[in-house]
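Here is a short briefing to read alongside the model on your screen.

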Amino acid sequence: DLYSRAVLDKYLSRALGVPLSKDGRLSPIDERQYVLTLDYTLKMLNIHERYECGVPVIIEGETGVGKTALIEMLAELWNYSWVAAWNREKNRIVDLMHRKMGELEEGTVEESQHDACVVALYNLSAGQIIT
């Protein structure tokens, strides 16, 4: 059953940290109408493993075999996992900011901390990354 799309999606989801959609599929693959095969899944997993270990990768092959499409899809999956992680962290930060604002109302936080919370909440709600 290694050839089924559901199994391939699960392997990539676990390895890359990409959340599955409600129907148990990787939505970036569906959105690009990428044909996911066992061969390309194994190649993505091998490249990802080397990337995580800092080992350089050289991809060779004849013209038109899908080298660029493979790397573009892998990059999109990586980006999707980072966005999902950012959204999780963003929610934690917003919760922290709301607690701090509540503490200000109780008088246990300085006004400068309140102002920083207001700016941070505004930037988070606008979708900006705070540096």
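A residue counts as buried under 20% relative accessible area and as exposed over 50%, with partly exposed in between. Ala69, at 34% relative accessibility, is therefore partly exposed. Please keep in mind that this is a predicted model.

**Overall fold**

- The protein has 5 helices and 0 strands, so that, taking helices as DSSP runs numbered from the N terminus, its elements read α-α-α-α-α from that end.
- Of the 131 residues in the protein, 25% are buried.
- Take the contacts between residues at least 6 apart in sequence: 58% of them join residues at least 24 apart.

**The largest pocket**

- How much space lies in the largest pocket? The volume is about 170 Å³.
- The lining of this pocket is made up of 13 residues, and those closest to the centre are Lys43, Ile47, Ile59, Glu60 and Leu70.
- Two helices each supply at least two lining residues: helix 3, which spans 38–53, and helix 4, which spans 67–106.
- Helix 3 gives the most to the lining, with 5 residues.
- Sorted by class, the lining holds 7 nonpolar, 4 charged and 2 polar residues.

**Aromatic rings and a charge**

- Two numbers describe a pair of aromatic rings: the distance of the centres and the angle of the planes.
- A search of the whole structure turns up 2 aromatic pairs. One of them joins Tyr34 and Tyr40, with 6.3 Å from centre to centre and 85° between the planes.
- Why is the pair of Tyr34 and Tyr40 edge-to-face? The planes are 85° apart, and planes over 60 degrees apart count as edge-to-face.
- Tyr34 and Tyr40 are both buried.
- Tyr40 also has a charge over its ring: the charged end of Lys43 sits there, 5.1 Å from the ring centre. Lys43 is also among the residues closest to the centre of the largest pocket.

**Gln33, a residue with positive phi**

- Most residues other than glycine have a negative phi.
- Gln33 is not a glycine, yet its phi is positive, at about 55°.
- Where does Gln33 lie? Its place is in the loop between helix 2 (27–31) and helix 3.
- Gln33 has a relative accessible area of 70%, which is over 50%, so it is exposed.

**Thr41, a buried residue of helix 3**

- Thr41 belongs to helix 3.
- Is Thr41 buried or exposed? At 1% relative accessibility, which is under 20%, Thr41 counts as buried.
- Setting aside neighbours within four places in sequence, Thr41 is in contact with Leu8, Leu12 and Leu36.

- Trp82 lies in helix 4 and has 48% relative accessibility, so it counts as partly exposed.
- Trp82 and Gly17 are 65 residues apart along the chain, and their C-alpha atoms are separated by 8.4 Å.
- Which separation is found between the C-alpha atoms of Ala69 and Tyr34? They are separated by 8.6 Å, while the two residues are 35 apart along the chain.
- Tyr34 is the buried partner of Tyr40 in the aromatic pair described above.

Note on methods
Residues are numbered from 1 along each chain as its sequence is written. This is a predicted model: local features need pLDDT of at least 70, side-chain atom pairs count only at pLDDT 80 or more; totals for chains, interfaces and linings use all residues. Side-chain values use heavy atoms; hydrogens and water are left out. On a 1 Å grid over the protein atoms alone, a cavity is a set of points where a 1.4 Å probe fits but cannot get out, and a pocket is an open set with protein on both sides within 12 Å along at least five of seven lines; lining residues have an atom within 4 Å of a point. Grid points are joined across faces, edges and corners, and a volume is the space filled by probe spheres set on the points. Helices (H or I, at least four residues) and strands (E, at least two) are DSSP runs, numbered from the N terminus. Ala, Val, Leu, Ile, Met, Phe, Trp, Tyr, Cys and Pro count as nonpolar, Asp, Glu, Lys and Arg as charged, and the others, Gly among them, as polar. Rings of Phe, Tyr and Trp (its six-membered ring) pair if their centres lie within 6.5 Å; planes under 30 degrees apart count as stacked, over 60 as edge-to-face and the rest as tilted. Buried means under 20% relative accessible area, exposed over 50%, partly exposed in between (1.4 Å probe, protein chains only). A charge sits over a ring if NZ of Lys or CZ of Arg is within 6 Å of the ring centre and within 35 degrees of the ring normal. Contact means heavy atoms within 4.5 Å.
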